[in-house]
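Here is a short briefing on one protein chain. Look over the sequence and the model first, then read the points below.

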Amino acid sequence: MRGPAFAQGGQGNPMEGMGAGVLMCVMCCLCIFVSIVVAYFVWAIITIFDTADAYAVPCAEDSNIWVFSMAFVLIAPMIACCVSIMQAFTKNVDGSPNMVMGFIPSCVTLVLAVWGVLLWANMTGDCHHFYEATYPNLLLLFKISVIFGVISFVGFICVMCVLGTVLVAGLSQMNSGTGAGYNDIPNSSDDSSTPSKAEQTEDYV
C-alpha cells in the first residue's frame, strides 16, 4: 500500500521543473551580463584616467582616441542619466513622458558612432602602431567603443524602421476603415419608395 502511494505522490508536474530551470538560466545569464558590463565600465574608467597623457600626443591631432573614449564612456551615460531625470520631472499634460527628450541619448550615440568610425578610418598606420605600443588598453577601449556605437546605430535604425512601418500600417488601416460603418445604414429614398403597412392593408381590403 505504501509503495504505489509513494510513487504516485513522487510524480510532479514536469512543466514546473522546466519553468524553474528556465528561470534559473535567465537569472544566471542576467547576472553574468551585468557583471561583464560593470567590469567593462570599471576597466574603461581606469584606462581613461591612466592614459590621460594621450590627450597631448602628436597623433592626437588627427585621431584623438582618448577624447572619443572619454566621451563615449563618461559623457554619453551622464547625458542619458540627466535626460532620464528631466523626463521624470517634466512630463506631458496627460502624464506621459516626453518622447522627444528620449531621442537625445540616441542622437548622441549616433554622433559618437559616426565620429568613432571616422577616427578609425582616418587613423594612419604609424599612429596605430604608436597607440598599440604605448597605449594598448586605450586602443582596445577605442575599438570596443566604436563597435558598440555602430551596433547601437544599427539597432536604432532598425527600431525606427519598425516604428515607421507600424505607424504607416495603422494610418492606412484607419483611412481604409473611415466610412465603413455607413454602408449598412438604409437610405431614406428606399424607405419612401416601399409601401407602408397601412397602404398594404387598404389594398388587401
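This is a predicted model: local features need pLDDT of at least 70, side-chain atom pairs count only at pLDDT 80 or more; totals for chains, interfaces and linings use all residues.

T51 sits in the loop between helix 2 and helix 3 (65-89). The points below cover that residue, the overall fold, the aromatic pairs and a nonpolar surface patch.

**T51 and its surroundings**
- T51 has a relative accessible area of 7%. It counts as buried because that value is under 20%.
- The T51 side chain reaches the backbone oxygen of T47, at 2.6 Å.

**Overall fold**
- The protein chain has 8 helices and 0 strands.
- Read from the N terminus, its elements run α-α-α-α-α-α-α-α.
- The chain has 205 residues, and 19% of them are buried.
- Take the contacts with a separation of 6 or more: 73% of them join residues 24 or more positions apart.

**Aromatic pairs**
- There are 11 aromatic pairs in the structure.
- One of them is Y40 with W43, a tilted pair with 6.4 Å centre to centre and 45 degrees between the planes.
- Both Y40 and W43 belong to helix 2. They are 3 residues apart, about one turn of the helix.
- Are Y40 and W43 buried or partly exposed? Y40 is buried, at 15% relative accessibility. W43 is partly exposed, at 26%.
- Y40 also pairs with F148, this time edge-to-face: 5.7 Å centre to centre, with 75 degrees between the planes.
- The Y40 and F148 pair links distant parts of the chain. Y40 is in helix 2, F148 is in helix 6 (residues 136-177), and 108 residues separate them.
- F148 is partly exposed, with 39% relative accessibility.
- F68, F72, W115, W120 and F142 make up one aromatic cluster.

**Nonpolar surface patch**
- Which residues form the nonpolar patch on the surface? They are L23, M27, L30, F33, V34, V38, V42 and I46.
- Together these residues have about 760 Å² of accessible area.
- M27, one of the patch residues, is found in helix 2 (residues 14-50).
- M27 has a relative accessible area of 42% and is partly exposed. Patches take residues with over 30% relative accessible area, so M27 passes that cut-off at 42%.

Methods:
Residues are numbered from 1 along each chain as its sequence is written. Side-chain values use heavy atoms; hydrogens and water are left out. Patches are made of residues with over 30% relative accessible area and no salt bridge: like charges are joined within 9 Å, nonpolar side chains (Val, Leu, Ile, Met, Phe, Trp, Tyr) within 5 Å. Accessible areas come from the Shrake-Rupley method with a 1.4 Å probe; for residues, only the protein chains shown count as cover. A salt bridge is a side-chain nitrogen of Lys or Arg within 4 Å of a carboxyl oxygen of Asp or Glu. Helices (H or I, at least four residues) and strands (E, at least two) are DSSP runs, numbered from the N terminus. Buried means under 20% relative accessible area, exposed over 50%, partly exposed in between (1.4 Å probe, protein chains only). A polar contact is a pair of N or O atoms within 3.5 Å; within protein, one must be able to donate a hydrogen and the other to accept it, and residues adjacent in sequence count only if both atoms are side-chain atoms. Contact means heavy atoms within 4.5 Å. Rings of Phe, Tyr and Trp (its six-membered ring) pair if their centres lie within 6.5 Å; planes under 30 degrees apart count as stacked, over 60 as edge-to-face and the rest as tilted.
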